[in-house]
Amino acid sequence: MTATATSARSDLSELGRSEIALRTFLHGLPGVDQVGAEQRAAQLGTRSIKTTAKAQAIDLAIRMVDLTTLEGADTPGKVRALAAKALRPDPADPACPHVGAVCVYPAMVPYVAEVLRGSGVHLASVATAFPSGQAPLEIKLADTRAAVEAGADEIDMVINRGAFLTGRYAEVYDEIVATKEACRGADAGRQGRPRAHLKVILETGELATYDNVRRASWLAMLAGADFIKTSTGKVPVAATLPVTLVMLEAVRDFRAATGRQVGVKPAGGIKTTKDAIKYLVMVNETVGVDWLDPDWFRFGASSLLNDLLMQRTKLTTGVYPGPDYFTLD
């Protein structure tokens with residue numbers, strides 16, 4: 001590592017100490033060419049892959065799914081059934097891969113943990129007053145700690161969009177840092193590292209501009225995010241290809257500047273195999289194969305998995321199953 005690179009990384013690590021420095025850095029990022037981003041995303045969305053490559057893409061997409069239920073009517077029985085499906089998405093085909101994670105509310109974590117323990121499927125939980133983020137910090141941190149202690153090894157937190165949109169960047173930064181610390185769990189002193197990875201939800205549909213998406217992405221990464229995530233799925237505009245492109249460019253540039261790789265999770269509105277493959281093409285073309293892995297790219301979805309399974313069955317058997325062939329989630 002050169003002295004210049006070391007100095008640049010040190011400078012970035014100091015940004016959170018000063019509201020002025022943080023604001024200056026974020027507003028000094030290059031602006032996003034809206035027309036260019038949308039045209040690039042549309043162009044990548046026209047790519048198609050066939051036969052063997054398509055089969056590989058479908059299996060990869062299944063492994064990248066965060067199978068999600070975030071409803072007020074969730075019950076222990078419902079989330080246990082979802083976890084069982086995560087382990088064996090297609091009971092008729094043991095070669096079908098398991099999903100990346102199951103994502104539930106903190107109160108449901110213990111029931112999912114019973115099913116997933118030792119399986120390799122991650123247990124994610126939303127926290128920090130999801131989906132609004134409008135709660136005192138201590139409540140948000142208690143929410144996070146409770147989920148981690150119950151067995152979550154991934155936390156999906158929401159940023160305070162009101163604070164971000166009014167330029168209170170240090171407040172957002174400090175909340176992410178504090179939540180990352182809460183992810184360490186009660187035995188942090190013995191382990192020395194977080195027990196749970198932190199996925200930071202930007203809620204891009206409320207950020208208004210691509211420039212804000214880029215700033216929020218960098219802010220989250222500077223504060224220690226392991227993943228940046230588009231959406232809660234609870235607002236009208238969720239994941240889009242252009243927004244995900246901006247976020248992918250941000251993680252690419254962040255790794256170039258710091259040496260640290262951060263994952264990306266588009267969530268909300270991704271329902272078909274065709275949609276998923278468009279995102280995988282974009283990942284490959286924008287950040288490369290290093291991110292084509294469930295450790296670095298995920299889909300936040302519920303209905304997507306069934307469409308992937310139907311397309312997979314069609315490729316392997318030649319028969320396209322009906323929409324009720326797999327359990328509805």
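**View A. Glu203 in the loop between S5 and H11.** Glu203 lies in the loop between S5 and H11. The model is predicted. Phi of Glu203 is near 50°, a positive value in a residue other than glycine. Glu203 counts as buried because its relative accessibility, 1%, is under the 20% cut-off.

View B. Thr204 is buried, at 7% relative accessibility. Leaving aside neighbours within four places in sequence, Thr204 is in contact with Val213, Thr230, Ser231, Ala238, Val243 and Met247. Ala208 is found in the loop between S5 and H11 as well. Phi of Ala208 is near 75°, a positive value in a residue other than glycine. Ala208 counts as exposed because its relative accessibility, 73%, is over 50%.

**View C. The cis peptide bond at Pro131.** Phe130 and Pro131 are joined by a cis peptide bond, with omega about 0°. Pro131 is found in the loop between strand S3 (122-127) and helix H7 (137-150).

**View D. The largest pocket.** The largest pocket holds about 450 Å³ of space. Its lining has 25 residues, and the closest to the pocket centre are Thr68, Glu71, Gly233, Ala301 and Ser302. Strand S8 (299-301) and helix H14 (303-317) are the elements that give two or more residues to this lining. By class, the lining divides into eight nonpolar, ten polar and seven charged residues.

**View E. Helix H14 and what covers it.** H14 has 15 residues. From first C-alpha to last, H14 reaches 22 Å, close to the 21 Å expected at 1.5 Å a residue. Buried residues of H14 include Leu304, Leu305, Leu308, Leu309 and Met310. Asn306, Asp307, Gln311, Arg312 and Thr313 of H14 are buried too. What covers the buried residues of H14 includes helix H4 (51-64), strand S1 (65-68), helix H5 (76-87), helix H13 (273-286) and S8. After H14 comes Gly318, with a positive phi near 85°.

View F. A search of the whole structure finds zero disulfides. Cys103 is in no disulfide, and the nearest cysteine sulfur, that of Cys183, is 13 Å away. A disulfide needs the two sulfur atoms within 2.5 Å. Cys103 is buried, at 0% relative accessibility. Cys96 counts as buried at 7% relative accessibility.

Note on methods
Residues numbered from 1 in each chain as written. Predicted model: local features only at pLDDT ≥ 70, side-chain atom pairs only at ≥ 80, totals over all residues. Heavy atoms only, no water. 1 Å grid on protein atoms, 1.4 Å probe; cavity = no way out; pocket = protein on both sides within 12 Å on 5 of 7 lines; lining within 4 Å. Points joined across faces, edges and corners; volume = space filled by probe spheres on them. Helix = DSSP H or I, 4+ residues; strand = E, 2+ residues; numbered from the N terminus. Nonpolar A, V, L, I, M, F, W, Y, C, P; charged D, E, K, R; others polar. Buried < 20%, exposed > 50% of the residue type's maximum accessible area, 1.4 Å probe, protein only. Contact = heavy atoms within 4.5 Å. Expected span 1.5 Å × (residues − 1).
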